[in-house]
Amino acid sequence: MITTEPKVTLDDYLGKHKLEYDIQSVVLHNAEYTVQKVNRLLAYLESYGVALHKTSQGNYLTSGWRPAEYNLKIPGASPRSRHITGCAADIYDPEGIVTGK
């Protein structure tokens, strides 16, 4: 089993929105699970020598939880985005290694 210090925290995932919006308990539960999955993925990639990069804000994510009101303001974002329910995260991947782009 791959173990390492978590690279993404729940605070990282919830971002600035945690101060501006009420977070439903189901969203918080989903967010905790999503953060665990992201950290497992990052540890797995790192174990295979994949270089991980941080954003200019010092985070491994470009997007975590998004309140529905905020999500509506993002061009091209799905109105039913899984970010709204705490079930999606976008990993910063400037070299396209993870996404294959």
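One cavity of 30 Å³ or more was identified in the predicted model, where a cavity is a set of points on a 1 Å grid over the protein atoms alone at which a 1.4 Å probe fits but cannot get out. The analysis concerns a predicted model, in which local features need pLDDT of at least 70 and side-chain atom pairs count only at pLDDT 80 or more, while totals for chains, interfaces and linings use all residues. Residues are numbered from 1 along each chain as its sequence is written, and side-chain values use heavy atoms, with hydrogens and water left out.

The largest cavity holds about 70 Å³ of space, a volume being the space filled by probe spheres set on grid points that are joined across faces, edges and corners. Its lining comprises 12 residues, and Ala51, Leu52, His53, Tyr92 and Asp93 lie nearest the centre; lining residues have an atom within 4 Å of a point. By class, the lining of the largest cavity consists of 10 nonpolar residues, one polar and one charged (nonpolar: Ala, Val, Leu, Ile, Met, Phe, Trp, Tyr, Cys and Pro; charged: Asp, Glu, Lys and Arg; polar: the others, Gly among them).

The largest pocket has a volume of about 310 Å³, a pocket being an open set of points with protein on both sides within 12 Å along at least five of seven lines. Its lining is formed by 18 residues, with Asp12, Gly15, Asn59, Thr62 and Ser63 closest to the centre. Two or more lining residues are contributed by each of α1 (10–14) and β1 (61–63), helices (H or I, at least four residues) and strands (E, at least two) being DSSP runs numbered from the N terminus. The largest contribution to the lining of this pocket, four residues, comes from α1. Six nonpolar, eight polar and four charged residues make up the lining of the largest pocket.

Two salt bridges were counted, the criterion being a side-chain nitrogen of Lys or Arg within 4 Å of a carboxyl oxygen of Asp or Glu. In one, the side chains of lysine 7 and glutamate 46 meet at 3.4 Å, N to O. This pair joins distant parts of the chain, with lysine 7 in the segment before α1 and glutamate 46 in helix α3, 39 residues apart. Lysine 7 is partly exposed, with a relative accessible area of 22%, and glutamate 46 is likewise partly exposed at 35% (buried: under 20%; exposed: over 50%; partly exposed: in between; 1.4 Å probe, protein chains only). The side chains of aspartate 90 and arginine 66 also form a salt bridge (3.6 Å, N to O). Here aspartate 90 belongs to strand β2 (residues 90–91) and arginine 66 to the loop between β1 and α4 (68–71), 24 residues apart. Aspartate 90 is partly exposed at 30% relative accessible area, whereas arginine 66 is buried at 10%.

Helix α3 (residues 25–47) includes leucine 41, which counts as partly exposed at 34% relative accessibility. Leu41, Tyr44 and Tyr48 make a nonpolar surface patch of about 340 Å². Asparagine 30 also lies in helix α3 and counts as buried because its relative accessibility is 19%. Accessible areas come from the Shrake-Rupley method with a 1.4 Å probe, and for residues only the protein chains shown count as cover.

Conventions:
Patches are made of residues with over 30% relative accessible area and no salt bridge: like charges are joined within 9 Å, nonpolar side chains (Val, Leu, Ile, Met, Phe, Trp, Tyr) within 5 Å.
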